[in-house]
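Open the model in your viewer and keep the selection panel at hand. The stops below follow one another, each with something to select and something to look for.

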Amino acid sequence: MRVDLHNHTPLCNHATGRPREYIIKAIEEGIDIYGFSDHAPMDFDKKYRMSFDAMKSYEDEILSLKNEFQDRVDIRLGYEVDYLKGHMFEKVLSAKVDYLIGSVHFLDNWGFDNPEYIKGYEGRDIDTIWQEYFNAVEQMAKMGRFNIVGHIDLMKVFNFLPKKDIRLIAKNAIKEIKKAGMSVEINAAGYRKPVKEQYPSKYILEVCYEANIPITFGSDAHSIEQVGLNYTRALEFAKSIGYSNCVSYINKEMQLHKI
Ligand SMILES: [Zn+2]
Ligand SMILES: [Zn+2]
């Protein structure tokens, strides 16, 4: 079973292609369960996400496509939500969708994965910012409102890697993810980025596996050709760690699938 729950739409202003075209590509790629999780609105970084007013039309459009394509692929509806203190909204957190991906893209308003702000790494202690990043992931899990951890080690995107053992840095976050009953996605976007590997790294996924944390998969597609790109590679990676199942969600209830 191929599951792909992390995909965007042009509503976020930094993706191209229509949702219908993403679905057709997903069917071509042999994906069985395909989810949209566009960037949820917030009152910060507004230009890279949909507005609060657009939520209804986003949900309506995906649900109508779900109906239309029901015989060919199982469409799911979600949001990718930023964990950013003071900028999370009940309207998003309690939206009637299948799942929420919780992602950390900002540390104190610094968009560390955006090439525009790469200078933010200069002059800072790399282990300290990695620890701050994973502290944010830990806090996100503690909120208990999210189903999936998005690209759990995103901070490696430009190859600024920690000197300290990543397993120690991520330890408390992984403990809270387990406690919250969340899954971790194998996100294939990393293969397209300077780091050239999936999120998470082998070291982090091994710890997740030992802790019995379930996984899911995401293309993190921002264009049609990114749908299903490197899926087999991500799948083989998960299997090499020991995983034989992945999960998806309906109305925030977890379902298990063989991979
Ligand atoms: Zn995006
Ligand atoms: Zn993201």
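Predicted model: local features only at pLDDT ≥ 70, side-chain atom pairs only at ≥ 80, totals over all residues.

Select strand E3 (residues 74-82) together with E4: the two pair in the parallel sense over 5 bridges. Residues are numbered from 1 along each chain as its sequence is written, and chains are lettered from A and ligands numbered from 1 in the order in which they are written.

Now pick Glu-80, whose bridge partner in E4 is Ile-101. On E4's pairing with E7, Ile-101 stands opposite Ile-148; here 2 bridges join the two strands, which run parallel.

Keep E4 (residues 99-103) selected. 5 of its 5 residues are buried, so the strand is largely enclosed by the rest of the structure. Buried means 20 or more other C-beta atoms within 10 Å of the residue's own, exposed means 12 or fewer, and partly exposed lies in between, with C-beta atoms placed from the backbone. In a regular strand the side chains alternate between the two faces of the sheet. In E4, Tyr-99, Ile-101 and Ser-103 point one way, and Leu-100 and Gly-102 the other.

Next, move to strand E7 (residues 148-149), which runs parallel to E8 and is joined to it by 2 bridges. Ile-148 has Ser-183 as its bridge partner in E8.

Select E8 (residues 183-187). Is it buried or exposed? 5 of its 5 residues are buried, so E8 is largely enclosed by the rest of the structure. Ser-183, Glu-185 and Asn-187 point one way from the strand, with Val-184 and Ile-186 pointing the other way. Val-184 stands opposite Ile-215 in E9.

Zoom out to the whole sheet. It is open, has 7 strands in the order E1-E2-E3-E4-E7-E8-E9, and its pairing is parallel. Strand E1 (3-4) and E9 stand at the edges with a single partner strand each, so one side of each has no neighbour in the sheet.

Show the side chains of Phe-134, Val-137, Glu-138, Ala-141 and Lys-142 in H4, which meet Asn-172, Ala-173, Glu-176, Ile-177 and Ala-180 in H6.

Last, select Gly-120, in the loop between strand E6 (110-111) and H4. Gly-120 is partly exposed, with 15 other C-beta atoms within 10 Å. Leaving aside residues up to four places away in sequence, Gly-120 touches Trp-110 and Phe-112, contact being C-beta atoms, placed from the backbone, within 7 Å. The C-alpha atoms of Gly-120 and Trp-110 are separated by 7.4 Å, the two residues being 10 residues apart along the chain.

Methods: Contact = placed C-beta atoms within 7 Å. Helix = DSSP H or I, 4+ residues; strand = E, 2+ residues; numbered from the N terminus. Pairing = 2+ DSSP bridges.
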